[in-house]
Amino acid sequence: MRSAAPAPRVIAVVGPTAAGKSDLGVFLAQQLGGEVVNADSMQLYRGMDIGTAKLALDERGGVPHHLLDIWDVTEAASVAEYQRLARAEIDRLLAAGRTPVLVGGSGLYVRGAVDALEFPGTDPAVRARLEAELDERGPGVLHARLAAADPEAARAILPGNGRRIVRALEVIEITGKPFTANLPGPDSVYDTVQIGVDVARPELDERITTRVDRMWEAGLVDEVRALEARGLREGRTAARALGYQQVLAALAGECTEDEARAETVRATKRFARRQDSWFRRDPRVHWLSGAAEHRRELPREALSLVERAVTA
């Protein structure tokens, strides 16, 4: 049973990619005596730095960041394992009198960290059969099946994300219920203030294009080439990451580098829309403008929001 007393406070900074979450998370941690806990599924991977827009050490403002660079690119991501690790970090920080600031756009990971979610187990035989079908027929066929069985899950999962499609279909087969039916309504484990960074679509699209261009200029192709030598192609999760999947295709001669860059921009824009839709469904998220004309006001407004919530 959960205690009737209010639980210690956690801050979550959420929203679509390129909205400005990372910098806001650092600011809030600085102001609140906090530390950042990563909630971006791809920043968990060692060496995936440029393509995930991972803050460099000198960009972290002296704020400790946790759950970065913990998995090898050959490991498959597990939200249940992330949940265990994230809660251990959150509990440790709270016990030390620090404020955990969860930052990331991976919606299921954020919910896994702060909400009372229990993830169904796995059935090795079902998983193996679905993965064999994925390898043989590709993710499109399985995504169409998921759309028929659970339209909401299909809208939330990219058609090319074979690993997550397989997991959703596995859960449906194991439980006999839609994948999304296994995600209960909001039921927080921690007293959490969630701040959504809102950027209008035209501006966000422009930021995404600029970010991808900068990633290429910063050496994304060389980063992917180095990770390929460490087994990136065999990584069921990491190899599907935006930018990395497209560069791997270029390195394999399936497209040109320019085509890979253009597809990365398109795919990232689609992904940002899915992220936004996910977080919009959660009534607990307080949305603040992250538009360029509000860039100076955003940190102050976020801090004010947190302080009002603390004293409410």
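This is a predicted model: local features need pLDDT of at least 70, side-chain atom pairs count only at pLDDT 80 or more; totals for chains, interfaces and linings use all residues.

Is Y109 buried or exposed? I looked it up: Y109 counts as buried, with 8% relative accessibility. (Buried means under 20% relative accessible area, exposed over 50%, and partly exposed in between, with a 1.4 Å probe and protein chains only.)

Residues are numbered from 1 along each chain as its sequence is written, and side-chain values use heavy atoms, with hydrogens and water left out.

**Entry: rings**

I found two aromatic pairs in the structure. In one of them, the ring centres of Y82 and Y109 are 4.8 Å apart and the planes sit at 50°, so I call the pair tilted. (Rings of Phe, Tyr and Trp, the last by its six-membered ring, pair if their centres lie within 6.5 Å; planes under 30 degrees apart are stacked, over 60 edge-to-face, the rest tilted.) Y82 belongs to helix α2 (residues 79-95) and Y109 to helix α3 (residues 107-114), so this pair links distant parts of the chain, 27 residues apart. (Helices are DSSP runs of H or I with at least four residues, strands are runs of E with at least two, and both are numbered from the N terminus.) Y82 is buried as well, at 0% relative accessible area.

Then I checked W287: the charged end of R280 sits over its ring, 3.8 Å from the centre. (That needs NZ of Lys or CZ of Arg within 6 Å of the ring centre and within 35 degrees of the ring normal.)

**Entry: helix α9**

Which residues of helix α9 (residues 220-229) are buried? I noted L220, V221, E223, V224 and L227. Looking down the axis of α9, these buried residues fall within an arc of 160°, so they line one face of the helix. (The arc is that of the directions from the helix axis to the C-beta atoms.) An α-helix has 3.6 residues a turn, so residues three or four places apart point the same way. D222 and A229 are exposed on the other side of α9. The buried residues pack against α8 (201-218), α10 (244-251) and α11 (257-280). (Contact means heavy atoms within 4.5 Å.) Just after α9, I spotted G231 with a positive phi of about 100°.

**Entry: the sheet**

Next I traced six strands in an open sheet, ordered β3-β2-β4-β1-β5-β6, with parallel pairing. (Two strands pair if DSSP finds at least two bridges between them.) At the edges I have β3 (65-66) and β6 (285-289), each pairing on one side only.

How many bridges join β1 and β5? I got six, in the parallel sense, and V14 has G196 in β5 as its bridge partner. β1 also runs parallel to β4, joined by three bridges, and I11 stands opposite V101 in β4. Five of the six residues of β1 are buried, so β1 is largely enclosed by the rest of the structure. Over at β5 (residues 191-198), I saw five bridges to β6, again parallel, with V197 partnered by L288 in β6.

**Entry: F27**

Last, I looked up F27, found in helix α1. F27 is partly exposed, at 22% relative accessibility. F27 touches P299, R300 and L303, leaving out residues up to four places away in sequence.
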